[in-house]
Amino acid sequence: MSNSSLSPTSRLSGQRLSLGYDGIPISNNLNITIPTGRFTAIIGPNGCGKSTLLKTLCRLNAPISGDVYLDNTPICDFGSKYLARQISLLPQTTQTPDGITVRELVSRGRYPHQSFFQQWNDADETAVTQAMQSTGIASLCNQKVNQLSGGQRQRAWIATSLAQDTHILFLDEPTTYLDLTHQLDILKLCRTLIEEQNKTVVAVLHDLNQACRYADHLIMMKSGEIQATGTPRNVITATNIEQIFNLKSQIISDPVTGTPLVIPF
């Protein structure tokens with residue numbers, strides 16, 4: 001099974017991680033490096049530990065043992081506000097306060113930059129405006145979030161994360177429940193953030209072909225363990241797909257992008 005990984009500089013890594021809940025491990029001794037300025041997709045069957053790994057990397061969950069490092073410092077050593085200026089997270093499920101507008105929601109992304117001595121200023125206003133423009137929702141700024149379509153709401157939440165002005169953006173299943181058009185819109189936005197703003201994006205994705213088309217780096221998991229890491233071309237092989245997903249397939253070149261395309265049979 002392939003295990004070829006990219007080797008650009010990395011701000012975020014995990015060493016000897018054991019992950020789980022209530023002290024019961026589901027993953028042991030994981031080592032992981034997130035390439036900086038790239039799109040990393042975490043893939044694997046349902047229940048294999050993808051979201052648990054993502055939540056641990058952004059300190060939403062604490063590892064049972066081992067450490068996550070940001071800039072060579074254990075992530076547990078950072079204060080909450082400092083970390084929120086470095087890393088943002090869009091979880092699987094979001095709860096929108098009743099009656100809140102798009103602008104009000106996106107403005108909440110600026111909370112880590114506020115303090116008793118530093119209240120709302122021009123930099124905050126600029127960050128909110130740019131976040132809405134980047135996600136294509138500026139025209140919706142005065143609409144109530146609960147009146148938006150699913151795709152528009154997802155963009156509003158991504159804009160909230162962008163307003164945080166972090167370098168690293170985590171997305172936990174950002175395309176779930178969206179129709180195909182809106183799924184592609186979200187993934188294209190991720191590529192734009194990387195290419196135009198040099199963001200680092202880490203997302204849990206279910207669609208293998210979308211992961212291959214839009215991500216630079218894949219982490220393939222099964223039963224709580226990392227089975228392969230590297231470029232889509234290195235990771236997405238017929239052997240890996242059969243071993244990880246119990247699915248026979250042929251891997252061909254995507255006629256549009258040249259990236260691997262999984263054809264089940």
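This briefing walks through the sheet, a helix, the salt bridges and one lysine of the structure above. The model is predicted.

- Strands β3 (residues 39-43) and β8 (residues 200-204) run parallel and are joined by 4 bridges.
- Thr40 has Val202 in β8 as its bridge partner.

**Helices on the sheet**

**Helix α5**

- Helix α5 covers residues 150-163, which makes 14 residues.
- From first C-alpha to last, α5 reaches 20 Å, close to the 20 Å expected at 1.5 Å a residue.
- Is α5 mostly covered or mostly open? It is mostly covered, with 11 of its 14 residues buried.
- Among the buried residues are Trp157, Ile158 and Leu162. Arg155 and Gln154 are also on the list.
- The buried residues of α5 pack against strands β6 (87-90) and β7 (168-172), and against helices α3, α4 and α6.
- Asp165 follows α5, and its phi is positive, near 60 degrees.

- Side chains of opposite charge can pair when their charged atoms come close.
- Glu125 forms a salt bridge with Arg103, and their closest N and O atoms are 2.8 Å apart.
- The pair links distant parts of the chain: Glu125 is in helix α4 (residues 122-134) and Arg103 is in helix α3 (residues 102-107), 22 residues apart.
- Glu125 is partly exposed, at 33% relative accessible area. Arg103 is partly exposed too, at 27%.

- Glu195 and Arg191 meet in a salt bridge, 3.2 Å from N to O.
- Both lie in helix α6 (residues 180-197), 4 residues apart, about one turn of the helix.
- An α-helix has 3.6 residues a turn, so residues three or four places apart point the same way.
- Glu195 counts as exposed, because its relative accessibility is 59% and the cut-off is over 50%.
- Arg191 counts as buried, because its 16% falls under the 20% limit.
- Asp216 also meets Arg191 in a salt bridge, 3.1 Å from N to O.
- Asp216 lies in the loop between α7 (208-214) and β9, while Arg191 is in helix α6, so this pair ties together parts that are 25 residues apart in sequence.
- Asp216 is partly exposed, with a relative accessible area of 21%.

**Lys222**

- Lys222 is found in strand β9 (residues 217-222).
- Lys222 is partly exposed, with a relative accessible area of 32%.
- Leaving out residues up to four places away in sequence, Lys222 touches Cys48, Gln227, Gln243 and Ile244.
- Lys222 and Ser27 are 195 residues apart in sequence, but their C-alpha atoms are 9.8 Å apart in space.

Methods
Residues are numbered from 1 along each chain as its sequence is written. This is a predicted model: local features need pLDDT of at least 70, side-chain atom pairs count only at pLDDT 80 or more; totals for chains, interfaces and linings use all residues. Side-chain values use heavy atoms; hydrogens and water are left out. Helices (H or I, at least four residues) and strands (E, at least two) are DSSP runs, numbered from the N terminus. Buried means under 20% relative accessible area, exposed over 50%, partly exposed in between (1.4 Å probe, protein chains only). Contact means heavy atoms within 4.5 Å. A salt bridge is a side-chain nitrogen of Lys or Arg within 4 Å of a carboxyl oxygen of Asp or Glu. The expected span of a helix is 1.5 Å times one less than its number of residues. Two strands pair if DSSP finds at least two bridges between them.
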